[in-house]
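Work through these exercises with the structure open beside you. Try each task before you read its solution.

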Amino acid sequence: MLFALTLGGVGCGGGSRHTRPPNLPVVGHVFVLVDENHSYTDVIGNPAMPYTNSLAQKYSLATNYYANAHPSLPNYFMLTTGQLVTSTDDYNGTVASDNAANAVTTAGKTWKIYAESLPNIGYLGPTIVPYDKSHDPFAFFSDVLTSNSQAANIVPFTQLANDIQNNALPNYAMIVPNMMDDGHDCPNEAAQCTDAQKLAHADSWLKTNIDPLISSSAFANGVLIYTWDESEISDNANGGGRVATLLLGAHVRQGYQSTMVYQHQSTLRISMELLNISDLPGTAASAPDMAEFFTAN
């Protein structure tokens, strides 16, 4: 059952605290990977995306998962604050409400966002194609904007390979490919391409760049949640349309499919719960729990 979502609500203060599901494992790393603007049926069963579909068959798949809104930025805010905050990608405000970065830091844990084509570490400026600021919610958070050390957790995607090699992965991370690699634009920013070409390129990028993460010893006690920010613009079901969402990792149930209804606030909730963080920002506190996807300790 879905619950009411609200715009705005960017006041200060921590999120709700709760008792976590008793049989949920505690993991060392939770990564959230977000691709762009395609429906569940565009992705699942599409022969242009063999790697993605192999992961969906091997691990867990949420078959009834919905984005919260159109366009992109409100969904990224829901994934990290439990609130929509805005209804536009042109939002230029500062978000002072509780968020994943604050919850993780307050719990004494570490976080990063690996943003492909980010100009430099700690970059807080506008979109520079193919980097898109509206895919980087952490660049709007007041506790990040006012702290050099927090801003330094916004890093180019190339840093991920170094962190894997050095066994220096953060506890919580978001991965955002650039617009050429996330299904948003054509490969190499070409003027025209087919949708199959966009998705085939996104799938190839995933295999090249994400398989080394999930197969690494550094990620052995980790979980990766792979979702899409929103469905096609014509799909408004539950706000942002039905999207593919996969859960990967050693603690995830193998070959499992769920028909329960979830949205992005549930991803935020389970991300915090898996890390044993009791602060659940915004509507994450009342979101349906995703514990069914995990095997007990």
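The model is predicted.

**Exercise 1. Which residues of H8 are buried, and how do they fall around the axis of the helix?**

Solution. 
- Step 1. Apply the cut-off. Buried means under 20% relative accessible area.
- Step 2. List the buried residues. They are Lys198, Leu199, Ala202, Asp203, Trp205 and Leu206.
- Step 3. Look down the axis of H8. The buried residues fall within an arc of 160°, so they line one face of the helix.
- Step 4. Turn to the other side of H8. Lys207 and Thr208 are exposed there.
- Step 5. Find the packing partners. The buried residues of H8 pack against strands E1 (29–35), E6 (172–176) and E7 (222–228), and against helices H1 (40–43), H2 (50–58) and H9 (211–214).

**Exercise 2. How many residues of H3 are buried, and what covers them?**

Solution. 
- Step 1. Locate helix H3. Its residues are 72–81.
- Step 2. Count. Ten of the ten residues are buried, so H3 is largely enclosed by the rest of the structure.
- Step 3. Name some of them. The buried residues include Ser72, Asn75, Tyr76, Phe77 and Thr81.
- Step 4. Find the cover. It includes E1, E3, H4, E6 and helix H10 (264–274).
- Step 5. Step just past the helix. Gly82 takes a positive phi of about 75°.

**Exercise 3. Is Ala101 buried or exposed, and which residues does it touch?**

Solution. 
- Step 1. Ala101 sits in helix H4 (residues 100–106).
- Step 2. Read its accessibility. At 0% relative accessibility, Ala101 counts as buried.
- Step 3. List its contacts, leaving out residues up to four places away in sequence. Ala101 touches Trp111, Phe138, Phe141, Val144 and Gln150.

**Exercise 4. Describe the backbone at Pro71, Pro130, Asn188 and Asn238.**

Solution. 
- Step 1. Most residues other than glycine have a negative phi, and most peptide bonds are trans.
- Step 2. Check the prolines. The bond from His70 to Pro71 is cis, with omega near 5°. Pro71 is in the loop between strand E3 (65–66) and H3. The bond from Val129 to Pro130 is also cis, with omega near 15°. Pro130 lies in the loop between strand E4 (111–115) and helix H5 (142–145).
- Step 3. Check the asparagines. Asn188 has a positive phi of about 60°. Its loop runs between E6 and H8. Asn238 has a positive phi near 55°. Its loop runs between E7 and strand E8 (245–249).
- Step 4. Compare with the cut-offs. Asn188, at 65%, is exposed. Asn238, at 36%, is partly exposed.

**Exercise 5. What is the volume of the largest cavity, and which residues line it?**

Solution. 
- Step 1. Count cavities. The structure holds one of 30 Å³ or more.
- Step 2. Give the volume. It is about 40 Å³.
- Step 3. List the lining. It consists of Ala115, Glu116, Tyr131, Asp132, His135, Val176, Pro177 and Asn178.
- Step 4. Sort the lining residues. Four are nonpolar, two polar and two charged.

Conventions:
Residues numbered from 1 in each chain as written. Predicted model: local features only at pLDDT ≥ 70, side-chain atom pairs only at ≥ 80, totals over all residues. Heavy atoms only, no water. 1 Å grid on protein atoms, 1.4 Å probe; cavity = no way out; pocket = protein on both sides within 12 Å on 5 of 7 lines; lining within 4 Å. Points joined across faces, edges and corners; volume = space filled by probe spheres on them. Nonpolar A, V, L, I, M, F, W, Y, C, P; charged D, E, K, R; others polar. Buried < 20%, exposed > 50% of the residue type's maximum accessible area, 1.4 Å probe, protein only. Helix = DSSP H or I, 4+ residues; strand = E, 2+ residues; numbered from the N terminus. Arc of directions from axis to C-beta. Contact = heavy atoms within 4.5 Å.
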